[in-house]
Structure formats: C-alpha cells, structure tokens
Amino acid sequence: MGAIDAIARVRAPEDATAEGAVLPLDQIMMGDCIAAMRALPDRSVDMVFADPPYNLQLGGELFRPDGSHVDAVTDDWDKFDSLQAYDAFTRAWLAQAHRVLKDTGTIWTIGSYHNIFRVGAAVQDLGFWILNDIVWRKANPMPNFRGTRFTNAHETLIWASKGHQAKYTFNYRSMKTLNDELQMRSDWDFPICGGGERLKRDGVKVHPTQKPEALLYRVLLACTQPGDVVLDPFFGTGTTGAVAKRLGRRWIGIEREAEYCAAAALRIDAALPLDESALATMRSPRAAPKVAFGKLVETGMLPAGSVIRDAKRRWSASVRADGSLLSGCGVVGSIHKLGSVLQGAPACNGWTFWHYEAEDALKPIDELRQTYLLATQP
C-alpha cells in the first residue's frame, strides 16, 4: 500500500458526543487525545496502553564527552507550564480512559521518574486498581555523561484494572510459556529501540521516545485476546498499532502530531499479521536458561510462524506467538517438552535439538540465543 493510501486511514476525531459513536477501528485519530476519547463510546475498548508525555523539563541541551549532541525530548508536546498543569492534564485523559475501558479491561501506562509517581497517584485517585508495577530494565541505556547521578537504566509501567473486584484478562500460561515455563517476573529486560526498527528520516529519529516492539508484544500477549480492541491515546509512530496488527488485535490510535501520524500509518501498513495457527497460544504446560526462548520470538529474531526442525529433518514444528511449538502431527509444547515427546525421551535440551534454516545450512537455535546475548549485554 502506498503512502497516500496509508495516510488515508488517519482521520480527525468527529465533533460529537460519545453516545451512538462508532469505534474507528484500525484508524489513527489526529488531534487532542482528550477530545478524541470523548468521541468514543462508554466501555468500548479492552485495553488502553498509554505512553504520555514525561514532562522532562530539560534545561539546555545535552552533549556527550566528545561534544556530540544527545537527542532528548525537547518537543512542545512534552512541555507543561507547571506540575499542577501536568496533573490536570493527566487526570483528564485518565478519566476518559476509565470511561471508555470495558469493566473487564485493563490500562497500562509507562513513564520515567519524572512523571510516573504523579501518574500513579492519579490512577489510584480515579478508581483504577493497580495490579503490578513493571520495571523495564534497559539492556543498553544511555550513560549519564555528566557523572552527576546514577545512569537512568529503567522505566516503569503501571498495570491496573478498573476496580478492586474487576475481572480482567491475564494470559498467565502464555506468559509462563514465553519464559520457558517459569513464572514471568515484574522486571523485564529489553534493549531500547534501535537498529532497523528505529524510524528515521534523513538520518534523524522520527520520534525521540519510540518504544521497542518487543515490549508491546509482551504487554498485548499478556492482557488481550485476538480480536480485542487496544486504544493508544499517545500513538506516536504507531508501535502499539504495528504489534496489535501482528497479533490479530484491533487498535485505535490518537496522535496530534501530523508527522508522527504519517509515519505510523506507513509503518502499520507494512506490518505483517501472523496467521491463525501462529496466534494460538498455550493453555498449560525446567530450568530456564539466561535467555528464554520467548525472548527470541518477542524481538523477532525467530518470529512467530517460523518453522524449525531437528538436525536430521525428521521432525518440524512451527513457532507460535507465545513461544510454544506446534508439530506437524499436532502436538503442542515448549522447545524442550516437544523435543522430548517427539523422541520418546525423558528430557530434551530444545536449544540444541531444534534448528532454524540459515542461508547455508540448518543451525541450532542456540546460536540465536548467543547472538541475542552478545547484542544486549552491556
């Protein structure tokens, strides 16, 4: 699809009340997020993922020791006159998020130490019930060049339901499968967005705080089902929409900056959805290695839908969205469990048993694990 067709999915929010409104599924609403959310019906979305302005209030420019410039959030959309103004803005968009969220839905919001505590207080004041705070530990954070404080190596995500007694979706077994059959913890290790995933125009980042797709992959896989509607009121360059499309979820994006809307529309149109068999996830089931197999799936090193085989090509299996495998004979399991079942063996090291197709030969998936470790270790 070309640029004109892609941008056609960007629309201005209609000047109407939420009553009788129709959900603009798989569209970007360009404009103010609070006004746009007011146009959405009550209890109409299954999840809200919000990456609001951090209100960094940076003074002056940032430079590395060699004199090169450090990209930082200096755009007008991240500037507020006072903390009170930021608090009022936060409560206004959170109130609309609470209204449009289904009673069974959840909200995720992400931030840094600059804003997450103020956002968290507003989340609780407006009646949400916090389920977890998740620490996203950045495998490759930017150093503190001035040496005046600790390196800011993490961001915090708040996950909340609509109330204390609310029922909500949590795909516990899929998360456990993604983590090689260990419970998924609340500290997540992902590199910051970079490489080919980072959107650039003329060598300059399109958006200063683009989030890695792997982060959104885990969030959506954990708390939604195929067909669920995910609203992102601070859409940016469309990470939420691109991952939602891959995972068979519907999405609604709200973004006021035209440049970001255009970049997001093109990016999402280029995203390839997984087929139905890859979207199926584990309903139920040893020691996890330092890198879970699911991390390779989340980061796209071995994407869902890939086919892997044993070294002698006796058996093959397709990779599913949560890191489970589906064999040609219909058996489902983790890389270790399925390998042992197919061989009739009491145990199996899936990392060495399963191989992926490289250009010259089959190679063990453990090579991908080692590549990931080399790329992400500081």
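1. Basis. In this predicted model, local features need pLDDT of at least 70 and side-chain atom pairs count only at pLDDT 80 or more, while totals for chains, interfaces and linings use all residues. Residues are numbered from 1 along each chain as its sequence is written, and side-chain values use heavy atoms, with hydrogens and water left out.

2. Cores. A nonpolar core is a set of buried Ala, Val, Leu, Ile, Met, Phe, Trp, Tyr and Cys residues joined through side-chain atoms within 4.5 Å; buried means under 20% relative accessible area with a 1.4 Å probe, protein chains only. The largest such core has 63 residues, and W108, F293 and W354 have the most contacts inside it. Helix α6 (residues 213–223) gives the most to this core, with 9 residues. Another core, of 28 residues, lies apart from it and includes A36, Y86, V100 and L101.

3. F293. Leaving aside residues up to four places away in sequence, F293 touches L178, D180, L302, V319, G323, L325, I335, W351 and I365. Contact here is heavy atoms within 4.5 Å.

4. Helix α11. Helices are DSSP runs of H or I of at least four residues, and strands are E runs of at least two, numbered from the N terminus. In α11 (residues 335–343), the buried residues are I335, H336, L338, G339, S340 and L342. They pack against several elements, including α10 (293–298), β15 (316–319) and α12 (350–353). G344 follows α11 and has a positive phi, near 65 degrees.

5. Aromatic pairs. Rings of Phe, Tyr and Trp (its six-membered ring) pair if their centres lie within 6.5 Å; planes under 30 degrees apart count as stacked, over 60 as edge-to-face and the rest as tilted. The whole structure holds 11 aromatic pairs. W108 and W188 form a tilted pair, 6.0 Å centre to centre with 35 degrees between the planes. This pair joins strand β6 (residues 101–111) to strand β9 (residues 187–190), with W108 and W188 80 residues apart. W108 counts as buried because its relative accessibility is 2%. Ring pairs also link W108, W159, Y168, F170, Y172 and W188 into a cluster.

6. Charges over rings. The criterion is NZ of Lys or CZ of Arg within 6 Å of the ring centre and within 35 degrees of the ring normal. R218 lies over the face of W188, 4.9 Å from the ring centre. R369 lies over the face of W351, at 4.3 Å from the ring centre.

Technical notes. Buried means under 20% relative accessible area, exposed over 50%, partly exposed in between (1.4 Å probe, protein chains only).
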